[in-house]
Structure formats: C-alpha cells, structure tokens
Amino acid sequence: MSEKKSCSEKSGRVVPVIDRNRCEGKADCVRVCPYEVFEIGVISADQRSALSIRGKLKAWGHGGKQAFVVQPNLCHACNLCVEACPENAISLGSVS
Ligand code: SF4
C-alpha cells in the first residue's frame, strides 16, 4: 500500500458528501484519507428505500456496503478521496 499523503489545509472548512446512488463501498476513500474520515458500513432500510432504481440495483449487487463519513470535522480538504473514488461518488461540500 502506498504511503498516505498529508494535507496542510485546516480542518472544518468542508465535509465530504457521498452520493448514495453511486457509492459501491469499494473503500478507496478509506485507504487514501490521511485523517480517517470514512468507514465502510451497510446502508439502512430507509437509505435503501430512498435510492433511485439504478442505486437500488447497485446496492443489491454489493450488499448495501457503502462509505460513511464518521469524522467530518477531521476533513482537511485535500481532495484525495474525490480523486480516488472509482464511482465519482464523493464531493466536498461547505460546512453550514
Ligand atoms: S478531502 Fe477526503 S481524503 Fe482529504 S481529508 Fe477530507 S475526507 Fe479525507
């Protein structure tokens, strides 16, 4: 595994946002994030029912496994997760 990069940006400016209709829980974000912002888990019944038809098919195909943002306050806006996600499921949103 390659060494994780660090980031000099301050945390708390942005948070990663995961598109539930795209994420397939491949965990590239978990591997590249230097700050352990993500974990892989299984979407809830409510989250599954909110998916599009295509999203439901994808969820069925990977057992509902997806990435979850468990420590949003630690995000340093390095963009590594956005670049690493093979499903283009992650964007960075501003903290409200
Ligand atoms: S941009 Fe992504 S990889 Fe970088 S710190 Fe934030 S969550 Fe982690």
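**Views of a predicted model**

**Figure 1. Overall arrangement of the protein.** The secondary structure of the protein amounts to four helices and four strands, and the model in which they are seen is a predicted one. Followed from the N terminus, these elements come in the order β-α-β-α-α-β-α-β. The radius of gyration is 13 Å, close to the 12 Å that the globule rule gives for 96 residues, so the protein is as compact as a globular protein of that length. Taken along the principal axes, the box filled by the C-alpha atoms comes to roughly 40 × 35 × 20 Å. Where contacts join residues at least 6 apart in sequence, 81% of them are between residues at least 24 apart.

Figure 2. The ligand is surrounded by 13 residues, of which the closest are Cys33, Val37, Cys75, Cys78 and Cys81. By residue class, the shell consists of eleven nonpolar and two polar residues, and no charged residue takes part in it.

**Figure 3. Close-up of the largest nonpolar core.** Of the 96 residues of the protein, 21% count as buried, and the largest nonpolar core brings together 14 residues. Within this core, the residues with the most contacts are Cys29, Val32, Cys33, Phe38, Cys81, Cys85 and Ile90. The elements that contribute two or more residues to the core are α1, spanning 28-32, and α4, spanning 80-84. Cys33 and Cys81, listed here for their contacts inside the core, are also listed among the residues closest to the ligand.

Figure 4. Glutamate 36 belongs to the loop that runs between α1 and β2, the latter spanning residues 38-42. The phi angle of glutamate 36 is near 55°, which is a positive value in a residue other than glycine. Glutamate 36 counts as exposed because 11 other C-beta atoms lie within 10 Å, where the limit for an exposed residue is 12 or fewer.

Figure 5. Alanine 77 is placed in the loop between β3, which spans residues 65-69, and α4. For alanine 77 phi is near 65°, again a positive value in a residue other than glycine. With 16 other C-beta atoms within 10 Å, alanine 77 is classed as partly exposed, since that class lies between the limit of 12 or fewer for exposed residues and that of 20 or more for buried ones.

Conventions: Residues are numbered from 1 along each chain as its sequence is written. This is a predicted model: local features need pLDDT of at least 70, side-chain atom pairs count only at pLDDT 80 or more; totals for chains, interfaces and linings use all residues. A residue is near a molecule or strand if its C-beta atom, placed from the backbone, lies within 6 Å of it. Ala, Val, Leu, Ile, Met, Phe, Trp, Tyr, Cys and Pro count as nonpolar, Asp, Glu, Lys and Arg as charged, and the others, Gly among them, as polar. A nonpolar core is a set of buried Ala, Val, Leu, Ile, Met, Phe, Trp, Tyr and Cys residues joined through C-beta atoms within 7 Å. The radius of gyration is taken over C-alpha atoms; the globule rule is 2.2 Å times the number of residues to the power 0.38. Two residues are in contact if their C-beta atoms, placed from the backbone, lie within 7 Å.
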